[in-house]
Amino acid sequence: MKSALKASAAFGALLMATTVAGGAYAAESLQDVMKRRGLNEKDLLAAAKTYTPTGGRDEFIAFSSGGQSGQVIVYGIPSMRILKYIGVFTPEPWQGYGYDDESKAVLAQGNVDGKQITWGDTHHPAASETNGESDGKFVFINDKNNPRIAVIDLHDFETKQIVVNPIMQSEHGGAFVTPNTDYVIEASQYPAPLGGEYVPLEQFNDKYRGAVTYWKFDKSKGRIDPSQSFSVELPPYTQDLSDAGKLVSDGWSFTNSLCSERYVGGIEKGRPPYEAGCSANDHDYLHVVNWKKAEEVFKAGKVTKIKDHPVITLKTAIEEGLLVLVPEPKSPHGVDVSPDGKYIIVGGKLDSNAHVYSFEKIQAAVAAKKFAGKDSYGVPIIDVKDAIHKQVPLGLGPLHTQYDSKPCVAYTSLYVDSQVAKYDYCEGKVLDKISVHYNIGHLMTMEGDTTKPKGKYLVAMNKLAIDRFNPVGPLHPQNHQLIDISGDKMELLYDMPLPLGEPHYVMAIAADKVKPAIRYKFGTNSRTDQQSAFAVRPGGEKVVKNGNKVEVFGTAIRSHFTPEIVEVEEGDEVTFHITNMERAQDEVHGFAVSGMDVNLSLEPGKTASASFKAAKAGVYPFYCTEFCSALHLEMEGYLMVKPKGAQQMAGKAEEGVKYVKADFDKQYKSCIDTQAVIDQVVAYITSTNFKDFPSVVALVEDATDQLNFAKDARAKADEAAKKEDWQQATLWAGQWWQYQVKAADIGLRAKTYLEQNGAKPAK
Ligand code: K7E
Ligand code: CUA
């Protein structure tokens, strides 16, 4: 404690010296800085709209696909500060994801035909909804390459589940949720035989298929329930994206497609390539599915099982009238349902119009069975004029659409023009355009997928950055551009480089809806959300040997592991189960063992396990990988892997320094002095209404723990002193002091919090 006080005095002196030295340079004025950096007033205004001073919070939390990284990137809007990478389909060592047994089990759910897949091509994150509005509870994301959907729980921002689509070979039109998150929609991309068997391409028309899967989400469990999930077979068009109907169109879903020509390429055989054959026709097809009806058909058992997964065949879908097609502009991309559910907008990509379809018209045509014809599989086609509300000429390469909080206002990305078009889709009038840099793919407005978009900001996700950032080699970062959409004219505010794969889509939720926990209940397996069977409390730590299996049940608390020395034999299968005993916010410990490919991230309350084979005799230090306290570097231990048949470690390990009574007395006096400081802090805290501040209550609980440990250590020191064992007595007195320092550290944090948050005298 004293040394802490001394240190802060030294810091004060340093600060003064800096201030004095700084006096030689005049502080720059705002004008000086603008001149030096070449900024104009518009730049300052943009800066003021995004700059977030220390401690400030963002208004929206964005969840971005991490593209080929297989992860999800979380950032704040409007600051565009990155807050987290969530490991989803790819191991992520900082979070221990893929390095502890618990998360390995989640990743293993994503094995495809027994093969471990260590990456994913994530495309479209979706936020869980209640009554069509974002509820801030879950995020879903798809993997295009290995057809999978992952579930992330926003309680702790961890991936809880991965489901593999049993019938698809690739997918794209996921993840999209129905308005009450009853289903997560996933549509295939490249047609293939459903179930994955080999069929020659000569039988493409007959045997290759697309599909759309409705994954049932169990909200109470927070998991997808594959046993309640089903698919609808689709023609072998290349299905693109999906969206769920809402309000008036609730119960329906929309999946567009390209390559309805069903062209099979083969440039190596002299055939024109896919790109030529897949863009020959003037139109492709929007699939309109009555999923409520499909659900009834599934529940009535009118399904075929493929790989044990229930599929409503095309034939049944046609007979039951749950699938119709609507012609779309050539090679479309993106399908987005308006907030009121009345319109469905599809971008033309190779057509310069956004096609605004009317759900009401589609319904009328379906009800009247007014069809223009059938496709080769017998699926009824509605004439485009019986479905279209408006065609809005926007520019070149329209792709994705997002909605404003203002009625009838939408934004569509223009890939070829590198622009965002703002328009009135009810009237079919372009309102504004803004250039972006460059070649925009998706775009995103705040809660823009829901029935209640929040407006304010739009993020343009540009495929190319080209000259926007400092060069970092031929592979450039992605460029997410923040645009202010609160006025009539769109205003570009900020460029954020995103260097972790190609994020296709991002969605954002109002920050006040996202309420993650700050700690786990004692001994939680964070991947199952259940109490871990391997959690132990201090005093209960043990090493259990059973043949060649060694299980260590340990704890971590500032700043040591228990146990610290673990002896095993060469060839043993070793598992460390470690529980972080901390309750204080942000007190994370790590656990790594030299050469064993192990890293745990132990957040307060979490229990995680690491299993490995101690294949080779040797000395393997283990340590904490998070800088958790002033004695973090001392948070260490040894895994001793003995050669087969070697003797147990005999007697005491050798030590360096020998202590005498004077050492003990000196240490003991420090402890007594420190206690006086602690008593003052405790007196202050208890004189206030600290119980009204939950985060202070947690700190007080933690400090109390440390003081109880301190008491134990003091008793041990006293006992050794009685026996005049000055070695043990001095070391235990030192440990007593360590616990005191930690208690004081926590206590001071609580005191500062109370002072800064207007604590009042206790009643
Ligand atoms: Cu890149 Cu949504 Cu896969 Cu469009 S998708 S850009
Ligand atoms: Cu615990 Cu560093």
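This is a predicted model: local features need pLDDT of at least 70, side-chain atom pairs count only at pLDDT 80 or more; totals for chains, interfaces and linings use all residues.
**Around ligand 1**

Ligand 1 is surrounded by His123, His124, His172, Leu241, His333, His400, Gly441, His442, Lys463 and His504. One of the shell residues, His172, is placed in the loop between strand S7 (158-164) and strand S8 (176-177), and His172 counts as buried because its relative accessibility is 5%, under the 20% cut-off. Although His172 and His123 are 49 residues apart along the chain, their C-alpha atoms are separated by 7.5 Å.

The loop between S7 and S8 also holds Ala175, and the peptide bond that runs from Gly174 to Ala175 is cis, with omega near 0°.

**The disulfides**

A disulfide is a covalent bond between the sulfur atoms of two cysteines. The count for this model comes to 2 disulfides, and with bonded cysteines counted along the chain they follow the pattern 1-2, 3-4. The table sets out the two links.

| Disulfide | Sulfur separation | S-S torsion |
|---|---|---|
| Cys259 and Cys278 | 2.1 Å | about -60° |
| Cys408 and Cys426 | 1.9 Å | -80° |

Because the torsion about the S-S bond of Cys259 and Cys278 is about -60°, this disulfide is left-handed. The pair links distant parts of the chain, 19 residues apart, with Cys259 in the loop between strand S14 (252-258) and helix H6 (274-277) and Cys278 in the loop between H6 and strand S15 (283-290). Both Cys259 and Cys278 are buried.

The link of Cys408 and Cys426 is left-handed as well, with -80° about the S-S bond. This pair also links distant parts of the chain, here 18 residues apart: Cys408 is in the loop between strand S25 (398-403) and S26, while Cys426 is in the loop between S27 and strand S28 (429-435). Cys408, at 22% relative accessibility, counts as partly exposed, whereas Cys426, at 17%, counts as buried.

Two further cysteines can be described by their accessibility: Cys624 counts as buried at 1%, and Cys628 counts as buried at 7%.

Val416 lies in the loop between strand S26 (409-414) and strand S27 (419-424). Together with Leu396 and Tyr415, Val416 forms a nonpolar patch on the surface, with about 270 Å² of accessible area for the three together. Ser418 is placed in the loop between S26 and S27 too, and the phi of Ser418 is near 50°, a positive value in a residue other than glycine. At 11% relative accessibility, Ser418 counts as buried.

**Other backbone features**

Most residues other than glycine have a negative phi, and most peptide bonds are trans. Asn131, in the loop between strand S4 (126-130) and strand S5 (133-143), has a positive phi near 50°, and at 58% relative accessibility Asn131 counts as exposed. A cis peptide bond joins Ile77 and Pro78, with omega about 15°, and Pro78 is found in the loop between strand S2 (71-77) and strand S3 (82-87).

Finally, Glu582 is placed in the loop between strand S40 (573-580) and strand S41 (589-593), where Glu582 is buried, with a relative accessible area of 2%. The C-alpha atoms of Glu582 and Leu602, 20 residues apart along the chain, are separated by 9.5 Å.

Technical notes: Residues are numbered from 1 along each chain as its sequence is written. Chains are lettered from A and ligands numbered from 1 in the order in which they are written. Side-chain values use heavy atoms; hydrogens and water are left out. Patches are made of residues with over 30% relative accessible area and no salt bridge: like charges are joined within 9 Å, nonpolar side chains (Val, Leu, Ile, Met, Phe, Trp, Tyr) within 5 Å. Accessible areas come from the Shrake-Rupley method with a 1.4 Å probe; for residues, only the protein chains shown count as cover. A salt bridge is a side-chain nitrogen of Lys or Arg within 4 Å of a carboxyl oxygen of Asp or Glu. Helices (H or I, at least four residues) and strands (E, at least two) are DSSP runs, numbered from the N terminus. A residue is near a molecule or strand if one of its heavy atoms lies within 4 Å of it. A disulfide is a pair of cysteine sulfur atoms within 2.5 Å. Buried means under 20% relative accessible area, exposed over 50%, partly exposed in between (1.4 Å probe, protein chains only).
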